[in-house]
Amino acid sequence: MTETGLRERKKQRMYQVLSDTAVRLFMERGFDAVSVAEVAAAAEVSKPTLFRYFPAKEDLVLHRIADHEGEAARVAAEGPDPLTALRRHFLAGLDRCDPVTGLNDHPEVLAFHRLLYGTPALAARLYAYQERSEAALADALGGDLDARLAAGQIIAVQRVLALENWRRIAGGERAEDVREDAVAAAGRAFERLARGLPHLAGTA
């Protein structure tokens, strides 16, 4: 392995250690009750070192879903057309209980979602993350006004579907009991998108 590759792996491990340490503390005590200095101490690094990796406290939490930021844009380019690809991808996520779809009742996942959606500062940061996902998708769809309008609709549909699944599970339902409704809702939502955006569904 090259020295550059080794440095990159060590860097990625540090990102993961810092994020995991922070999320554990935040879930135990609450986001606002834990300082950045306490996270740094628990991870055995200095506060300046932590800020080199994560410029904002909220980023320590959002790191867990950061790899999904460009996902919609990447999937849309896979074909046969953007909406078919995105629909298949979302349904596949439901099938494997991907936490990003909201259809996951593992206690740690539920605790993370409660932290994310129940903390105003994190919810605001999540909105910025979704805006970046939307912008990346718009670029993948052509970058013009029509592309931006379409991307806004698609990202909103995925967000609402995931939130509905999470709310039901957070309310006490099992993921397995929600799955059938979740799949049906996703199917209806993407059918409506296809009717409204036929040029992205190969039906124009």
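**Close-up 1. The largest pocket of this predicted model holds about 760 Å³ of space.** The model shown here and in the other views is predicted. The lining of the largest pocket consists of 32 residues, and those lying nearest its centre are Ile65, Val100, Tyr129, Gln130 and Ala162. At least two lining residues come from each of the helices α5 (71–76), α6, α7 (107–118), α8 (120–140) and α9 (145–170). Sorted by class, this lining contains 17 nonpolar, eight polar and seven charged residues.

**Close-up 2. The second largest pocket holds about 160 Å³ of space.** Among the residues that line the second largest pocket are Tyr15, Tyr53, Phe54, Pro55, Asp59 and Leu62, together with His63, Arg125, Tyr129 and Arg132. Helices α4 (59–62) and α8 each contribute at least two residues to this lining, and α8 gives the most, with three residues. The lining of the second largest pocket is made up of seven nonpolar, one polar and four charged residues. Tyr129, which is listed in this lining, is also one of the residues nearest the centre of the largest pocket.

**Close-up 3. Helix α6 (residues 82–95) packs against helix α10 (residues 175–196).** The two helices meet at an angle of about 170°, and their axes lie 10 Å apart. Because angles over 145 degrees count as roughly antiparallel, α6 and α10 are roughly antiparallel to each other. On the α6 side the contact includes Leu83, Leu86, Arg87 and Phe90, while on the α10 side it includes Arg179, Ala182, Val183 and Phe190. Taken by class, the contact of α6 with α10 comprises 11 nonpolar, one polar and four charged residues.

How values were computed
Residues numbered from 1 in each chain as written. Predicted model: local features only at pLDDT ≥ 70, side-chain atom pairs only at ≥ 80, totals over all residues. Heavy atoms only, no water. Axes fitted to C-alpha atoms, helices over the stretch in contact; angles between N-to-C directions. Helix = DSSP H or I, 4+ residues; strand = E, 2+ residues; numbered from the N terminus. Parallel < 35°, antiparallel > 145°, perpendicular 65-115°, else oblique. Contact = heavy atoms within 4.5 Å. Nonpolar A, V, L, I, M, F, W, Y, C, P; charged D, E, K, R; others polar. 1 Å grid on protein atoms, 1.4 Å probe; cavity = no way out; pocket = protein on both sides within 12 Å on 5 of 7 lines; lining within 4 Å. Points joined across faces, edges and corners; volume = space filled by probe spheres on them.
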